[in-house]
Structures are given as C-alpha cells and as structure tokens.
Amino acid sequence: MNKDKCTKKSDKRVVSFLKWIERYPGWWHLICTPNDENLDLQVMQTIIKKLAEESFYEMIFVLLMVHRNEKFMYHLYQHLLAKVTIHKWQTGQKDEIIKDLIDYFE
C-alpha cells in the first residue's frame with residue numbers, strides 16, 4: 001500500500017472516530033476521565049460494545065488504561081491472564097508461556 005492510500009485510510013478512520021465522538025460526547029468524556037462517578041460496570045460494558053461495533057479497538061485499551069485503578073478493574077487483569085494462560089496451555093503452548101515468564105523477569 002502506498003503512502004497516499006495509507007494517509008487516506010488514516011484520514012477516513014480519524015473522521016469516522018471524530019463523528020463517533022460527536023454522536024457520543026458523554027461516552028467520550030467517560031473514556032477520558034478517570035474516577036468519574038458515572039462510570040460503572042454496566043456503562044463500561046456498553047462503551048466497550050459501542051467501540052467494538054465501530055472497530056475502534058484501540059480506544060477499548062485506552063478506556064481500560066484510563067480506568068485501570070477503578071475497583072471493578074482489579075479482577076479483569078487476573079481473569080484475562082488466567083483465560084489466556086488456560087487457552088495457551090490447552091493448545092500446547094506451555095513452553096511459550098514459560099519462556100515469556102522467564103524473558104519478562106530478565
């Protein structure tokens with residue numbers, strides 16, 4: 001893909017995202033505002049669903065990072081780690097898990 005095509009694709013994506021922000025300014029505010037009293041599990045779930053519907057996957061990770069200190073987020077990381085580890089172990093990738101652990105602690 002040439003540079004012009006990449007730029008046009010990127011511009012289209014930015015415009016699409018800005019239109020999403022325009023449609024959902026309250027959700028955008030919640031995505032960007034840590035410790036907002038209006039953010040709870042149900043709202044978090046709704047925002048993630050809406051972002052996924054539009055393929056704004058990067059923003060899901062931004063949302064998770066901005067709100068990483070919320071009480072309801074504590075178990076998410078443990079749950080995801082366990083789920084991924086179980087999947088990898090069951091699919092014969094336990095050596096990769098062990099290597100990743102060793103590499104991380106180097």
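These are my notebook entries on what I looked up in this predicted model.

**Ground rules**

I number residues from 1 along each chain as its sequence is written, and my side-chain values use heavy atoms, leaving out hydrogens and water. Since the model is predicted, local features need pLDDT of at least 70 and side-chain atom pairs count only at pLDDT 80 or more, while totals for chains, interfaces and linings use all residues.

**Entry 1: the overall build**

The protein chain has six helices and zero strands, and from the N terminus on its elements run α-α-α-α-α-α. For the record, helices (H or I, at least four residues) and strands (E, at least two) are DSSP runs, numbered from the N terminus.

Next I wanted to know how spread out the chain is. Its radius of gyration is 18 Å, well over the 13 Å that the globule rule gives for 106 residues, so the chain is more spread out than a compact globule. That radius is taken over C-alpha atoms, and the globule rule is 2.2 Å times the number of residues to the power 0.38. Along its principal axes, the C-alpha trace spans about 45 × 45 × 25 Å.

I also looked up burial: 19% of the 106 residues count as buried. Buried means under 20% relative accessible area, exposed means over 50%, and partly exposed is in between (1.4 Å probe, protein chains only).

Then I turned to contacts, which means heavy atoms within 4.5 Å. Among contacts between residues at least 6 apart in sequence, 49% join residues at least 24 apart.

**Entry 2: the core**

Which residues touch the most other members of the largest nonpolar core? I found Trp20, Ile31, Ile47 and Leu51, out of 15 residues in that core. The helices α1 (3-23), α2 (25-32), α3 (41-53) and α4 (57-66) each supply at least two core residues. The largest share, four residues, comes from α4.

My note on the term: a nonpolar core is a set of buried Ala, Val, Leu, Ile, Met, Phe, Trp, Tyr and Cys residues joined through side-chain atoms within 4.5 Å. In soluble globular proteins, nonpolar side chains tend to be buried together.

Leaving aside neighbours within four places in sequence, Ile47 is in contact with Trp27, Leu30, Ile31, Leu39 and Leu63.

**Entry 3: two pockets**

I had to write the pocket rule down. On a 1 Å grid over the protein atoms alone, a cavity is a set of points where a 1.4 Å probe fits but cannot get out, and a pocket is an open set with protein on both sides within 12 Å along at least five of seven lines; lining residues have an atom within 4 Å of a point. Grid points are joined across faces, edges and corners, and a volume is the space filled by probe spheres set on the points.

The largest pocket has a volume of about 230 Å³. I listed its lining as Leu81, Val84, Thr85, Lys88, Ile97, Asp100 and Leu101. The elements giving two or more of these residues are α5 (74-90) and α6 (94-104), and α5 gives the largest share, four residues. By class, I get four nonpolar, one polar and two charged. Here Ala, Val, Leu, Ile, Met, Phe, Trp, Tyr, Cys and Pro count as nonpolar, Asp, Glu, Lys and Arg as charged, and the others, Gly among them, as polar.

The second largest pocket holds about 190 Å³ of space. Its lining includes Leu41, Met44, Phe72 and His79, and both α3 and α5 supply at least two residues. This lining has eight nonpolar, three polar and no charged residues.

**Entry 4: loops and the tail**

How exposed is Asn35? Asn35 is exposed, at 64% relative accessible area, and is found in the loop between α2 and α3. Its phi is near 60 degrees, a positive value in a residue other than glycine.

Pro34 is in the loop between α2 and α3 and counts as partly exposed, at 43%. Not counting residues up to four places away in sequence, Pro34 touches Val66 and His67.

Ser55 sits in the loop between α3 and α4 and is partly exposed, at 32%.

Last, I checked Glu106, in the segment after α6. Glu106 counts as exposed, at 75% relative accessibility. The C-alpha atoms of Glu106 and Met44 are separated by 35 Å.
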